[in-house]
Every structure is written in C-alpha cells, then in structure tokens.
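Visitor: I would like to learn how to read a few features of a protein model. Could you take me through them?

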Amino acid sequence: MAVTDNIPEHCPGPTTEQAGKASACQGCPNQNVCATAPKGPDPDLLLIKERMSSVKHKILILSGKGGVGKSTFTSQLGFAFSSDENIQVGVMDIDVCGPSIPKIMGLEGEQIHQSLSGWSPVYVQENLGVMSIGFMLSNPDDAVIWRGPKKNGIIKQFLKDVDWGDIDYMLVDTPPGTSDEHLSITQYLKESVIDGAIIITTPQEVALQDVRKEIDFCRKVKIPIIGVVENMSGFICPNCKGESVIFAPTTGGGKKMAEDEKVPFLGSIPLDPRIGKACDTGVSFLDEYSDSPACKAFQDIIAKIKTQIN
C-alpha cells in the first residue's frame, strides 16, 4: 500500500473499509489508491513468502536519481557474485518503464519460458538468472505505459510466479525515486526480510539531494542500508592513468553525505569508458577489463558488501 509524508492526521488506515472514503482522506495523494485497493491481508503475501524462502539474501539497489548507474552496478555485482560457481545469483529488474538489465547482461531478445513450477528466469549462465519485463516486449523500443496497479501486479508476479530455485543472492534493480515500485517491493517482501539496500549516487549535489530522500525512504520503511556507493567519481585515462574530475563534488560528494547521514560508505568508482562498452555488449566489465582502476574499486566494494551481509 502506498504511503506518503502527507498522511492526514486522522487517516483511517489503508486496509480499513473507510480507506479513501473518510472525510480525512480528502486531498490525500493516496486517496484513490486506498479507496480502490482490496481490503484486508493480501493472500499473495503468503505465496511470496513461500517462494522467497529459498532465497538466502535479498538486496535492493536504489537511488533517488536516474542515470547514476544503478543497473550497471547491479549487473556487475551479479557477474561478480556468480564468478564463484558455487554461488547462485538472481537479478530481478523492477524498472518497469526502463528495463535495461536484459541489454546490459547480454540477454536482449530472450523470452520467458513457463514450466509446471512457474516462469523460468532467463539465464546468463548456469548460476546467474535474470527476470525483467524487457523479456516480455515484442520490440525493445516499445514503451511500457502503465499505471501503478499494473506495475505492482508484474512485480508481484516476479516474486510469486517465478521459479527462482535456491538462490544465495537476489539483486533487485529499481527505477529512480521512491514511488510505486519501491513501495510494492518493500510491501511484498515484508514477510520475507530484505537484507538491505545499496544506494548509488554520483558526486554532484543535484544527485545527492535526491539520494538523501532515498536514505530517508529506507529509514521510514525500515530497510537496513548496507551502504552508499559513489559512481563516476572521476575519469581515469586508460592510457596515461591521469585522473580528471567530471562531476565536481561541490558539497563533499558521496562520502561526506554518508558521514552526515551516518550510513556506511562503501567506496567510489571512477569513470572508465570501457564500462559503457561492456554494458552495450552485455559482458562482465570485471572479467573483460581487470586492469582498470574501476575494476579494483568494484572488487573492494563487493568485498565490503559480502562482509556486511554474511
């Protein structure tokens, strides 16, 4: 159920019969959602809990700002975890309107298949499965023009109808903001326990101000924050190894923000043009360009993440 900072003082509660209909509901942004939503406990939550019982760790990748590299980071984290053949990894792309994970992970053009046990993830390799609405589009350029309830429905299907199997790490790639998709995933996984969120930012203040809202969102819905990653923290020339600042950290960047917000800072990842190339061709940047300083930064951050959640 959607929530907002502007909840009326005498809100009857989103699951009551008066939800969206009481006089206190007038003017609330969630009035229509509360009035039309089914009342009482959602029976699908038990099905989701049962399906998710085979998933050991669930990690959300968040950022209030678009274009900071959430999907890139999610894909590389998935590739890194699955480099150990004994670790099973699932990547769930809930960016319904901008599903980029299939392209980034080399799965463009693939389709979902159904078995007796449910939908099957699309596999990059034997121990790395992916689910995205991108697999359902007849044309990758098709726009997904959906309102909240339909978005929520597909996210619920990804959780309860996909046969993920035994998974060590499930990585959930989210869209920008703190809206329908974020509220849905936190509500649906409430009984299954989310290990935490990794929050991605870039150094400039225009990104940090949105990321602060994401940190506030995590606190309000009680999602632990694994840490903040500063992406695109500087450009390191692949030839001369000189570093140039592209996005100036006018207010101190991601590290200063993490200190101010009292959340862990996992590290900074410099720009490397080959990251974009790896994403466009759907390969692991960490495998293809292990000589890059960005690769070393990724590996240090991934080691910290494993330490925190294991």
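Guide: Axes are lines fitted to C-alpha atoms, for helices over the stretch in contact, and angles run from 0 to 180 degrees between N-to-C directions. Helices (H or I, at least four residues) and strands (E, at least two) are DSSP runs, numbered from the N terminus. This is a predicted model, where local features need pLDDT of at least 70 and side-chain atom pairs count only at pLDDT 80 or more, while totals for chains, interfaces and linings use all residues. Residues are numbered from 1 along each chain as its sequence is written, and side-chain values use heavy atoms, leaving out hydrogens and water.

Visitor: At what angle do helix 7 and helix 8 pack, and how far apart are their axes?

Guide: Helix 7 (residues 205-220) packs against helix 8 (residues 253-261) at about 35°, and the axes are 11 Å apart.

Visitor: Which residues meet there?

Guide: Contact means heavy atoms within 4.5 Å. From helix 7 come Leu208, Val211, Arg212, Ile215 and Arg219, which meet Gly253, Gly254, Met257 and Glu261 of helix 8. Sorted by class, that contact holds 4 nonpolar, 2 polar and 3 charged residues. Here Ala, Val, Leu, Ile, Met, Phe, Trp, Tyr, Cys and Pro count as nonpolar, Asp, Glu, Lys and Arg as charged, and the others, Gly among them, as polar.

Visitor: Where does UniProt place the feature "binding site"?

Guide: UniProt positions are given in the numbering used here, with shortened feature names, and annotations may be inferred rather than shown by experiment. The unreviewed UniProt entry puts this feature at Gly64, Lys65, Gly66, Gly67, Val68, Gly69, Lys70 and Ser71. Lysine 65 sits in the loop between strand 1 (55-62) and helix 3 (70-82), and valine 68 is found in the loop between strand 1 and helix 3 too.

Visitor: Is valine 68 buried or exposed?

Guide: Buried means under 20% relative accessible area, exposed over 50%, partly exposed in between (1.4 Å probe, protein chains only). Valine 68 counts as buried because its relative accessibility is 2%. Leaving aside residues up to four places away in sequence, valine 68 touches Ser63, Ile200, Thr201, Thr202, Ala207, Asn231 and Met232.

Visitor: What about lysine 65?

Guide: Lysine 65 has a relative accessible area of 25%, so this residue is partly exposed. Beyond four places in sequence, the contacts of lysine 65 are Lys70, Pro176, Val206, Ala207 and Asp210.
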